[in-house]
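Hi there,

Here is the structure I promised to pass on to you. Have a look at it first, and then read my notes below.

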Amino acid sequence: MKYVSYLFLIMAVCCSSCQKEIDVRFPFEGTRFLVFGVLESDQIIQVKVDKTYPPNGEVLFSDSFLDSTVVSLYEDGNFVEALAQSPSDKHVFQSKEKRAKVGRSYEIKVENPHIPQATSRLETLLEGIKIDSVWFDPKPVLSPLNPRIPTKMIHISLSGIPPDVPVIFFELLGFKNKELGGIPMGRERVGGNIISTEEYDELENPCKPHAAGLFFKTSCYKRDHVVFSFYAELQGGIQTSPNAGMGEVEYFEIKVSSVNNSFLEFYQNTDSIMDFFSIMDGIKPTNTAIINGYGAVLTKNATVANLKYRK
Amino acid sequence: MRRNLFILSVAYFIYSHAFSQTLSGFVVDSKTGEKLPNVNITFYAGKVNASTNNYGFYSISLENCPCEVIFSMVGYQKNTVTFKNSDLGGLKYIELESSSNLLDEVTVSSPGESYSKYKPIGLISIPVERLKKVPTLFGEEDILKAMTLLPGITNATEGTSGVLVRGGSPDQNLILLDETPVYNVTHLFGFVSVFNPDAIKDIKLYKAGFPARYSGRLSSVIDITSKEGNTKKTAKELTVGLINSRFLLEGPLKNKAKDGGTFLAAGRLTNLSLLLLPSYLSYKFDKGGQYLNYNLYDLNLKWSKTFKNNGQLLFNTYTGNDVWFVKSNNGQSFGKYRVNWGNVTSSLRYIQPVTQKIFLKNTLAYSRYGYGIKTSITEKKTSESSSFVDYKALLNDVLLKSSVEYYPNRFGEIFLGGELTSHTYKPVNIKSSNPMPIADNFQRVRAFEKGAYIELNARPVGWLAINSGFRGAFFTVQDTSYFSPEPRLSVSFFPTKSTGLKFGYSKMGQFLHLLNSSSGGLPNDLWIPATSKLPFGKSTQKSLAITQDFGKMYGLELGAYYKTYSDLVDYGIGQNFIMDFETNYEDQVERGGIGKSYGFEFLLDKRYGELSGWISYSYAKNLRNFAGINDGQWYYANHDRRHIINITSSYKLNERVDLAANWVYQSGSPITVPVAVTTSLLITGNRHPEFLYRERNNFRTPSYHRLDINANFTKETKRNNLRVFSVGVYNVYNHNNSFFLKTNYQPIFGNSRSEFIGWNIKTTKNNFLPFLPYISYSVKFK
């Protein structure tokens, strides 16, 4: 038994000293552009530009390449202008006065002598959706996520969904007014969960909403009139969305946007970091709508309504 | 012409039937009474060859006796019996005496007899006792892992029991335990196979030239027969290993097996709970923190009864389960995380030699595989479960099989059979406290499979053997029916006494798919049936082999194959079924995949002597093509490994000590890695690194190699029990074989802490299994 104990001891020492890690270097495909922008109706056209870095080793951000980068805007296949760098953010390239127009198709080309040219997919700005009315349901409801947080149900009645709009995208943001010494200081975003009342389940029923219940395929609804309903938590909680503070919601801003399928696809994209559990995961090629680069230039036509909450 | 041939064949069968007499019966182990499968039977001075079936039954036709018949099997002393005409008729039980020394030359059969010559193409049949001597991880004897050291067979991930055969994935192996399919063959996240080596009598692996009696998978058949139980006396065995402890109890139900039948019970229980005891004590007495535990068990039970008409009823059941759980206590609430998976298989079989020439088999079987994850948080104050998710995936099969083996004459056999299988799949079954809508509880899918086959083994002349067959399988699911026609053919020529030239052709169908994102045979892999949206997979394999024996000791085998696949499925890009509740499995997969794998194999086997072992080499390419992956271009499959070398040896130092070693080399396999990184600042506003991926399997892991050694010290105790003390080391020279790759990143700051100027990204390969010594101790009670 004594020898067995010694053996165990030797084994324990050996095992603990044998774990080691060795560096692995993945091949870098070369620098590519990262281009991202959402073109909205009647908004000045602007996109953000960055570049990629090797997947291993020391990565030091650099924006000097932007000085020699040309970002060209095309509308319906015709060159419009080279976008200018924003004075406030070197990564942002914007038009001086060109605004996105409904029914027009847009394309962005990004060029640099040292980086392969990147081109966005041709994206058309679709017609907007008319919001008939928005209202709180008078019946008391509980949040399915946080039953203790006061919650209301919001109904949004839409009419006139244009026939070429494949997907509706909802954004419901909670705000409270800021003031200092009785002087209004604008508004502050207050996080609150917005939860679709419909189960999201695109396969069993392709008409169910996608991506946390905020994308709806229009082919499943009557285009002349349809009512969507959401649970809206009236208070920021632990699970609030990023960039939102705590506090009670005073009013909701409801954006209903007509977007295309590539917009939905892009937002379903996720990133992943390799670790032990990644052996159980599939690896996802990065979703990109940029030819020879990464990112997307998407279009969105939003209609906005506000709904004030009174206690 | 066809009609004439048919008439000629029938006339020939009748003629040969009329003038021959039949010798039939069972071959059994003289010490245990176990019926012995695959016993080589040669007669007419080695010119004619036959073998026993899985139940130890043989039937041979003899003319002009007295005839000398030799019964031989590796590990047993050959038994030469001379039969006169008057001896023939009735069933003859032939006993073979096991050699105390497996490596002894006396086990070699008669001169001119060849081990590999008559072996059908693609068949690997190595005695279990020989496989048990191969050093394996933690010293756990593992016959499935030992098989992966043979050419054309490898394991999915280091140390695991997920078997890959000639480019196929783990789900493409039909694994039968006593005629019942087993779906997940791994314990301990794949590191230990579910087959208790003490309970296994025989294992056969077909990697090509599949006989028509087997069907349902694309790449291989692993047919495992468990022991029936000692018919002569009660035997006990106890083994204490590093990971598991196991026991075996077997014997006659009454004093004589012929009167009362036999029983066998074999079980394993993990010792990990003991090793993890400090974690439990810390959790218990600190009243906080985390507690991790792992439980694993399996149990084989077998009962058999032989009747006066020589019919035998066999009942066996296997049940095994793994439970891994973590408990946590943060002072306010208790958290539990539990993963469990396991198989249950049972079969009731009735076999009977109806006449000397006809052997009947009937099987009613059940197989179940289940996998579950349960998480819960319980508030300490209220003792109420504030949140839980309970996920289960289930698969149930009920099978009815019947077959007849007909041995008309010494020129061949005819096997006929049919089977019915009812499959029930429930891939997603979720209960949750969270009313957040999830696409849970899909309707169970029921499917029926019907199959029938005919198999003809012909040996018209001494230099030619033909195994031909056809199987038709029907599968009905969700108002969709599929038919899989599966012709099989293998032809062997024997130009010299020691040479075999073999050709094989097989077409196979597989009516179920495994969604395996990991390829390691991990329990979260999900079995799904072929449906109207997902057609069944098909494969066609053509193979060639040359076997050459050099004297009694050495055998050489060279093989080549070309295999094509169609209607394969794979996880859709970036999908993980367990994590993605919101989509149905049918839409998470890429469908209509095609594949091809081809390669060359070499095996040099020294079967006997103090030093025995084999050297094997495989060269292989394995490609896949899916419309939705890599823009529809061909890419190397997860399991593509160009070169594999295995050297396995054992050396008998003396009567008490034997040594074993094996060295393994494998080329790296393809994985998907990022091609670049960028900041997600532009899109999400955060400066997290965003790893960018392009193509699947765009990087090859470094090559893999290791050396394992093992020593067994055997001693007979004062009470005449046999004690074996084993010591060994896995990965002796501590080569860093990458089990997984891990990426870490650290922010780089500029002059001030707030000036974030980049990252330092480091990817490392992590060796999960370094230099790993182990011991085990077993006692065989006499």
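Let me start with a definition: helices (H or I, at least four residues) and strands (E, at least two) are DSSP runs, numbered from the N terminus. This is a predicted model, in which local features need pLDDT of at least 70 and side-chain atom pairs count only at pLDDT 80 or more, while totals for chains, interfaces and linings use all residues. Residues are numbered from 1 along each chain as its sequence is written, chains are lettered from A and ligands numbered from 1 in the order in which they are written, and side-chain values use heavy atoms, with hydrogens and water left out.

First, chain B as a whole. It holds seven helices and 48 strands. Of its 782 residues, 60% count as buried (under 20% relative accessible area; exposed is over 50% and partly exposed in between, with a 1.4 Å probe and protein chains only). Contact means heavy atoms within 4.5 Å; among contacts in chain B between residues at least 6 apart in sequence, 65% join residues at least 24 apart.

Next, two loop residues. Most residues other than glycine have a negative phi. Glu179(B), however, has a positive phi near 70°. You will find Glu179(B) in the loop between strand S12 (173-177) and strand S13 (180-181) of chain B. Asp631(B) also has a positive value, with phi near 55°, and sits in the loop between strand S36 (611-625) and strand S37 (635-636) of chain B. Is each of them buried or exposed? Glu179(B) counts as buried because its relative accessibility is 13%, whereas Asp631(B) counts as exposed because its value is 72%.

Now look at Leu489(B), in strand S29 (residues 480-493) of chain B. Its relative accessible area is 32%, so Leu489(B) is partly exposed. Which residues does Leu489(B) contact, leaving aside its neighbours within four places in sequence? They are Ile466(B), Asn467(B), Ser468(B), Phe503(B), Gly504(B) and Tyr505(B). Asn467(B) is 22 residues from Leu489(B) along the chain, yet their C-alpha atoms are separated by 5.7 Å.

One more leucine to find is Leu348(B), which lies in strand S23 (residues 333-353) of chain B. Leu348(B) counts as partly exposed, because its relative accessibility is 37%.

Enjoy exploring!
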